[in-house]
Amino acid sequence: MRSRQIRTVAMTAAVAFVAVLTGCSSGSTGAAQSPAAAAGPVKLDFWGWAPGYDQSVALWNKAHPDIQVTFDKTPSGSKGGYTKMLTAAQAGNAPCLGMVGYETMPSFAAAGALMDVTSYMAPAQSQFAAWTWNQVTIGGKTFGAPVDTAPMALIYRKDLFAKYGITKPPVTWDEYAADAAKVHAADPSVALGDFGNDSYNYAGLAWQAAAPWFGTGGGSWQVSVNSAANRKVANFWQGLLDRKLLKTDPSYDPSLYADMASGKILSDVNAVWDTPIVASSVKGTSGKWAVAPMPVWDANNPVYGNDGGSATVVLKGCAHPKEAAEFATWMSTDPASVSNLIKVTGIYPAATSALANPALSQPDPFYGGQVVFDVFKAETPHIDTSWIWGPTMTQTATDLGDGLGTSAKGSTRLTDVLNTVQSKTVAQMKQQGMSVS
């Protein structure tokens, strides 16, 4: 795409600036020291929640008898996993390794919960796309290895689209709205899609629309959650809600999958990693689903969103940072590990060499034999990689998620939600001593 917005240099500068504004310089993040001499196998604990990680760990342990990793499954980050890691880091008993989403990296850095493993990770840098490496590098210090990116797409029921006269997946958001109205007119109890309460899914919609939430300039943070571009996104979804064209089941809730299984919800706009979640949640409809590109604002200039992406980080206090960094790099680049993560976790790899992994070319029976990763591969060059996250994302995401839930119930306008999130985020950043313009 001609207008692809890869501003890697600007991104690097912006992320580096995070360190200045959040105080995560050398005094607040643990810098790796010379590893202690080990007697017997080095043992590393690894906290995370994604399915399939334990299987990659098993592959590692089988091939590395001198470095043994124990994977402990925690609640997902937003449901307590991050709090558990931060509490452990503050108490000095954190595991060496943690699964942390890119969106939460600045918050962990600001809290001093990460260990600087730049010297150990530097040789691996060339194996990753530049923008993903920037996600694990803050203030010139690298804290782990990127695992994946998360391009978004439209996951939809082929048979039910046909039933309601939708001959092809909507290419644009205007077509999406028209199709939603068509389905509603045919049967008001059925909806084209769902408006959930997941703040990061909503972030992916904003990301696609060139509606950033954060920026830096003039020595200060800039917060733009309620910008004109963000209000455009909000007004589109508010319009669908006002017309009762969407279901409003909470994101990833059993009610959502019950409605998808029964044919009451026909599609889901979500990230690549959602494809195995849908497959495992509505098994009885196997073969009836497909994946299409995410609807876009301008068909002549398609831009797509990203919802997620995570890293394997080394946490403050790790006694064996060299070995931890070695494992983190291996998990993201070893062909067998990557194959496992693609098949089980549904990742789209961050390592450039992993993009040739045969697992990405396998037909998926649940999706009617479609090679679903082909959709995400085609979208990836059209994702703006300059998006940056703020340093208080835990609070920002919570406030937005709460607001999305109230909007789904009809008690709050989405633009009002954005205003609330804007003011609360700015207040929180100032409370933490950050400059906000």
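Asp-159 itself has a relative accessibility of 29% and counts as partly exposed. Please keep in mind that the model you are looking at is predicted.

**Charged pairs**

Side chains of opposite charge can pair when their charged atoms come close. How many salt bridges does a search of the whole structure find? The search finds three, and here they are side by side.

| Positive residue | Negative residue | N to O distance |
| Lys-168 | Glu-175 | 3.4 Å |
| Arg-413 | Asp-242 | 3.0 Å |

In the pair of Lys-168 and Glu-175, Lys-168 is partly exposed at 44% relative accessibility, and Glu-175 is partly exposed at 29%.

The pair of Arg-413 and Asp-242 is joined by a salt bridge of 3.0 Å, N to O. Arg-413 has a relative accessibility of 40% and counts as partly exposed. Asp-242 is partly exposed too, with a relative accessible area of 42%.

What about charge over the whole chain? There are 30 positive and 32 negative charges, and their mean positions lie 3 Å apart.

**The chain as a whole**

Stepping back, the secondary structure comes to 17 helices and 18 strands. The radius of gyration is 21 Å, close to the 22 Å that the globule rule gives for 437 residues, so the chain is as compact as a globular protein of that length. Along the principal axes, the C-alpha atoms fill a box of roughly 70 × 50 × 40 Å.

How much of the chain is buried? Buried residues account for 56% of the 437 residues. The accessible surface of the chain is about 16800 Å², and carbon and sulfur atoms hold 53% of that area.

Notes:
Residues are numbered from 1 along each chain as its sequence is written. This is a predicted model: local features need pLDDT of at least 70, side-chain atom pairs count only at pLDDT 80 or more; totals for chains, interfaces and linings use all residues. Side-chain values use heavy atoms; hydrogens and water are left out. Helices (H or I, at least four residues) and strands (E, at least two) are DSSP runs, numbered from the N terminus. The radius of gyration is taken over C-alpha atoms; the globule rule is 2.2 Å times the number of residues to the power 0.38. Buried means under 20% relative accessible area, exposed over 50%, partly exposed in between (1.4 Å probe, protein chains only). Accessible areas come from the Shrake-Rupley method with a 1.4 Å probe; for residues, only the protein chains shown count as cover. Lys and Arg count as positive and Asp and Glu as negative; His and the chain ends are not counted. The place of a charge is taken as NZ of Lys, CZ of Arg, CG of Asp or CD of Glu. A salt bridge is a side-chain nitrogen of Lys or Arg within 4 Å of a carboxyl oxygen of Asp or Glu.
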